[in-house]
Amino acid sequence: RFNWSELIPLRLWGRTLGLQTENSQFLLEGMPFRIFGGSMHYFRVPREYWEDRMLKMKACGLNTLTTYVPWNLHEQERGKFDFSRNLDLEAFLSLAAKNGLWVILRPGPYICSEWDLGGLPSWLLQDPEMQLRTTYKGFTEAVDAYFDHLMPIVVPLQASTNLLCPQYKKGGPIIAVQVENEYGSYAKDPNYMTYVKMALLNRGIVELLMTSDNKNGLSFGLVEGALATVNFQKLEPGLLKYLDTVQRDQPKMVMEYWTGWFDNWGGPHYVFDADEMVNTVASILKLGASINLYMFHGGTNFGFMNGALEADEYKSDVTSYDYDAVLTEAGDYTSKFFKLRQLFSMIIGQPLPLPPMIESKASYGAILLHQYISLWDVLPSLVQPIKSEFPVNMENLHLNDSSGQSYGYVLYETVIFGGGHLHSRDHVRDRAQVFVNTMYVGELDYNTVELSLPEGQGFRQLRLLVENCGRVNYGLALNEQRKGLIGDVFLNKTPLRNFKIYSLEMKPGFMKSLRHTAGWSAVPDYFVGPAFFRGRLWIEHQPQDTFLKLQAGWEKGVVFVNGQNLGRYWKIGPQETLYLPGPWLWKGSNEIVIFEERTAGRIIQSVDIPYLGRTQYVD
């Protein structure tokens, strides 16, 4: 049994040793320590709920929080850094300390995490020669500039007295820092891990360094001076002993024990049996290892930030990051929570804090979308087109102080004479709706690369509305994640030229302008998009969490509430509801805007129970 009631951040101010390894165990301030950790990402959880989720970690029996740091949110445009509001990393880490949680920080620069491009900024891909996650100069210069801003926030919050910065003597909650992430599965540059390690050390990181890999990548992701940890879901015989083959006489740590799994559009909602999960956790602990539950609380891929898989084919991730984790997407308890709480309390041998009360959810009923405006009517007044002889991919558009466009949609418009055979040559990333004037013709994507365009009189507009469905976040294809049209599209074997290119990133400024634009009108009985629809949700009392369910009629698009991008919906499922946090709602009138690509309904429902789709157990 391990009683670590005295080993919490606020009781150890003035400490000097931090987390150390001695033979096969961890020591914290010289005392034996085991990490009972859980992952929660501040950027996936509304700031107002950070503390609630931390208190639930403590009530479950955990002593450590792990979090990634998403570079692509903190530096959305090159050289412009944002650590405010929901990205206030310092406030998040300080709150963890206040609530008695240690922190393992995973600053990347690459984080994977089913997050767009694994957390790397898309503007890196403006360089046609870019080699991500290597010592390529263009990449390391960008990482250095980012770490120069990130590390001054992190360094004062380390647990040990920092000899490089003696003014920081009280310490903080960070007891370990991870070097990169799962590099053994990438391993394109033998010098890269040493570069990242030194980038951390040279900026004042003094805590225990760790690496994190699955079994197959373990030996390729090592770096001298960092403790190797392993990631898995099923405990194969001898798996933890395998760590001894790459490092002798070191404590064993499971950095990612996968409590569930993520979902892709068009697939099932994956679940992982609670009893099997808890039994595996018990087996890991019996072997003397420390553990981090990935995820303890998954949260949401709000906005356009979901990642994608590219194994046999491209599959984008859904908006929800519920993950079938210990807490639900909305922070509610699951059976996994109570089974783990029972297990951990037996090992700790002392009473755990009582679990906080759950927040009640609201069902606000039917919401009528009473007005609409066609995308074609919006364009002239709200978006200034870029003129280009050739198609330009999203990242290389001259926008956002030369940082390009990162997310959302791009409309490519050109003039054609007659119809014929349209061929994409697989240059569409990821989906393109094709229109002649305003008439929908069909879609181009990874599987459909050609369409027949109808014949017509005179010159007509050919329009390709291309959606970035999410950049791949894992594997060897990261350097190829440019979006939009990445090359020529051909009509009757002739490449199309002379484009007007409209950026539709749907940022807050665009949505604000949309609200005040002229041209909104009553929704007709039948309408085919693309178009924006809006309605109002009136709330009499204190707003509560709810879930928006788009009923029959809606096909694919994005939902905004009071200017906040909740994320994507798609009728192919599995996800059928979008999580709407109560703190994003107001007492009184709330504006709901939906961008629908194709066919629109008239009503959406606010319900108090999420529906994430038909379930399938993880094998």
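Reply: Happy to! Phe459 is exposed, with a relative accessible area of 67% (exposed is over 50%, buried under 20%, partly exposed in between, with a 1.4 Å probe and protein chains only). This is a predicted model, where local features need pLDDT of at least 70 and side-chain atom pairs 80 or more, while totals for chains, interfaces and linings use all residues. Residues are numbered from 1 along each chain as its sequence is written, and side-chain values use heavy atoms, without hydrogens or water.

Phe459 lies in strand β23, which covers residues 459-467 (strands are DSSP runs of E, at least two residues, numbered from the N terminus). Together with Val415 and Phe417, Phe459 makes a nonpolar surface patch of about 390 Å² (nonpolar side chains joined within 5 Å, from residues with over 30% relative accessible area and no salt bridge; areas are Shrake-Rupley values with a 1.4 Å probe; a salt bridge puts a Lys or Arg side-chain nitrogen within 4 Å of an Asp or Glu carboxyl oxygen).

For contrast, look at Cys469. Cys469 counts as buried, at 3% relative accessibility. The closest cysteine sulfur to that of Cys469 belongs to Cys112, and because the two are 19 Å apart, they are too far for a bond. Another cysteine, Cys60, is buried too, with a relative accessible area of 0%. The count of disulfides comes to zero (a disulfide is a pair of cysteine sulfur atoms within 2.5 Å).

Key: Patch = residues over 30% accessible without salt bridge, like charges linked within 9 Å, V, L, I, M, F, W, Y side chains within 5 Å. Helix = DSSP H or I, 4+ residues; strand = E, 2+ residues; numbered from the N terminus.
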